[in-house]
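Have the coordinates open while reading.

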Amino acid sequence: MSAMNASAPPRGCIAKAGDYDIHYLSYGEGPAVVFLHGSGLGASAYSNFKQNVAVVVSSGHRAVLIDMIGFGYSSKPTGLDYTTELFVTTVKAALDNIGIERCSLVGNSLGGGIGIRLALDHPELVERLIMMAPGAIEEQETYFTMPGIAKMVSVFVDGVVDRDGLRTVLESLVFDPKHITNELLEERFCILETQPKEVLSRMAIPSMGERLSELQCPVYGFWGQQDQMTPASGANKFLNQVPKCEFLIFSNCGHWVMVEYAERFNLALRNILTGA
């Protein structure tokens with residue numbers, strides 16, 4: 001799969017979702033594991049999950065990395081609200097066109113929230129939910145008190161983002177800034193240059209915290225105790241409501257467990273997928 005330039009994420013395939021193009025990358029063969037990324041500046045599925053693909057493929061599964069609408073190489077419409085329904089319907093339409101009828105769903109942040117809604121609306125689709133710091137389980141006011149969210153909104157919505165500003169925002173996603181490499185910075189900046197402000201300024205994702213007990217599939221979760229984007233106390237919402245639920249909390253870890261603790265996350269992911 002080729003890229004536009006040396007810094008950009010790789011390009012894969014396009015699945016139609018009505019009038020929109022949904023970009024995805026596919027690796028390996030076998031039962032599908034669908035990855036849904038978080039929101040943010042220059043986000044794409046590849047930048048979130050490139051360290052986690054190999055373990056999925058080596059465990060005999062197909063890894064499908066989807067750029068949700070407004071992100072990556074997918075369509076980025078303007079003049080509309082980026083709602084839960086918009087994300088869910090476009091992801092579901094893309095999966096239908098790819099031919100995926102059942103999958104394990106891996107979601108970080110916004111992607112976790114969209115995964116929850118997909119599992120609620122289409123229980124036949126989701127075999128298991130695997131989430132890292134999932135969103136959409138607190139009221140919007142709670143999220144906007146989080147320091148990382150406040151920083152991201154002020155930088156992107158209220159100003160022009162250069163590479164230094166992007167690095168500042170990305171460093172709020174991790175506990176150790178060493179994970180924000182120059183390679184990652186350039187990879188995200190390539191996407192950021194194409195991203196309209198509406199993607200964040202008009203995002204409307206209400207809380208589903210009161211509906212977690214309706215989840216029928218097993219839930220596996222991961223959270224960093226020092227998360228500046230979503231409060232780690234959210235793990236208790238799942239543990240108290242979901243009958244089949246496990247959560248791992250990592251100290252000295254921010255919003256990106258799958259990046260900061262990639263080796264340990266990948267081992268856990270392999271065990272989940274293989275039933276070990």
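Which elements each supply at least two residues of the lining of the second largest cavity? They are strand E2 (20-27) and helix H1 (45-49). The model is predicted, and every value here is computed from it.

**Overall build**

The protein chain holds 12 helices and 10 strands. Its C-alpha atoms fill a box of roughly 45 × 35 × 35 Å along the principal axes. Buried residues make up 58% of the 276 residues.

**Enclosed and open space**

Rolling a probe the size of a water molecule over the atoms shows where empty space is left. The structure holds two cavities of 30 Å³ or more.

| Space | Volume | Lining by class |
|---|---|---|
| Largest cavity | about 130 Å³ | eight nonpolar, seven polar, one charged |
| Second largest cavity | about 40 Å³ | seven nonpolar, three polar, one charged |
| Largest pocket | about 460 Å³ | 13 nonpolar, six polar, two charged |

Take the largest cavity. Its lining has 16 residues. Ser39, Gly40, Ser109, Leu173 and His255 lie nearest its centre. Helix H6 (147-158) and helix H7 (163-171) are the elements that give two or more residues to this lining.

The second largest cavity has its own list. Its lining includes Pro9, Pro10, His23 and Leu25. Ser44, Ala45, Tyr46 and Asp67 also line this cavity. Gly72, Tyr73 and Ile191 complete the set.

The largest pocket is lined by 21 residues. Nearest its centre lie Ser39, Tyr143, Phe144, Ile149 and Met203. Two or more lining residues come from each of H5, H6, helix H9 (198-201) and strand E8 (203-204). H6 gives the largest share, four residues.

Most residues other than glycine have a negative phi, and most peptide bonds are trans. Which way does phi go at Ser109, positive or negative? Ser109 has a positive phi of about 60 degrees, although it is not a glycine. Ser109 sits in the loop between strand E6 (103-108) and helix H4 (110-121). Is Ser109 buried or exposed? Its relative accessibility is 13%, so Ser109 counts as buried, the cut-off being under 20%.

Ala136 is found in the loop between strand E7 (126-132) and helix H5 (140-144). Ala136 counts as buried because its relative accessibility is 5%.

**Ring contacts**

How many aromatic pairs are there? The count comes to seven. Tyr82 is buried, at 0% relative accessible area. Phe87 is buried too, with a relative accessible area of 0%.

Phe238 and Phe247 form a tilted pair as well. The distance is 5.3 Å centre to centre, with 35 degrees between the planes. Phe238 and Phe247 are both buried.

Ring pairs also build a cluster. Phe71, Tyr82 and Phe87 are linked in this way.

Charges meet rings at two sites described here. The charged end of Arg11 sits over the ring of Tyr73, 3.8 Å from the ring centre. Tyr73 is also one of the residues that line the second largest cavity. The charged end of Arg163 sits over the ring of Phe189, 4.1 Å from the ring centre.

How values were computed:
Residues are numbered from 1 along each chain as its sequence is written. This is a predicted model: local features need pLDDT of at least 70, side-chain atom pairs count only at pLDDT 80 or more; totals for chains, interfaces and linings use all residues. Side-chain values use heavy atoms; hydrogens and water are left out. On a 1 Å grid over the protein atoms alone, a cavity is a set of points where a 1.4 Å probe fits but cannot get out, and a pocket is an open set with protein on both sides within 12 Å along at least five of seven lines; lining residues have an atom within 4 Å of a point. Grid points are joined across faces, edges and corners, and a volume is the space filled by probe spheres set on the points. Ala, Val, Leu, Ile, Met, Phe, Trp, Tyr, Cys and Pro count as nonpolar, Asp, Glu, Lys and Arg as charged, and the others, Gly among them, as polar. Buried means under 20% relative accessible area, exposed over 50%, partly exposed in between (1.4 Å probe, protein chains only). Rings of Phe, Tyr and Trp (its six-membered ring) pair if their centres lie within 6.5 Å; planes under 30 degrees apart count as stacked, over 60 as edge-to-face and the rest as tilted. A charge sits over a ring if NZ of Lys or CZ of Arg is within 6 Å of the ring centre and within 35 degrees of the ring normal.
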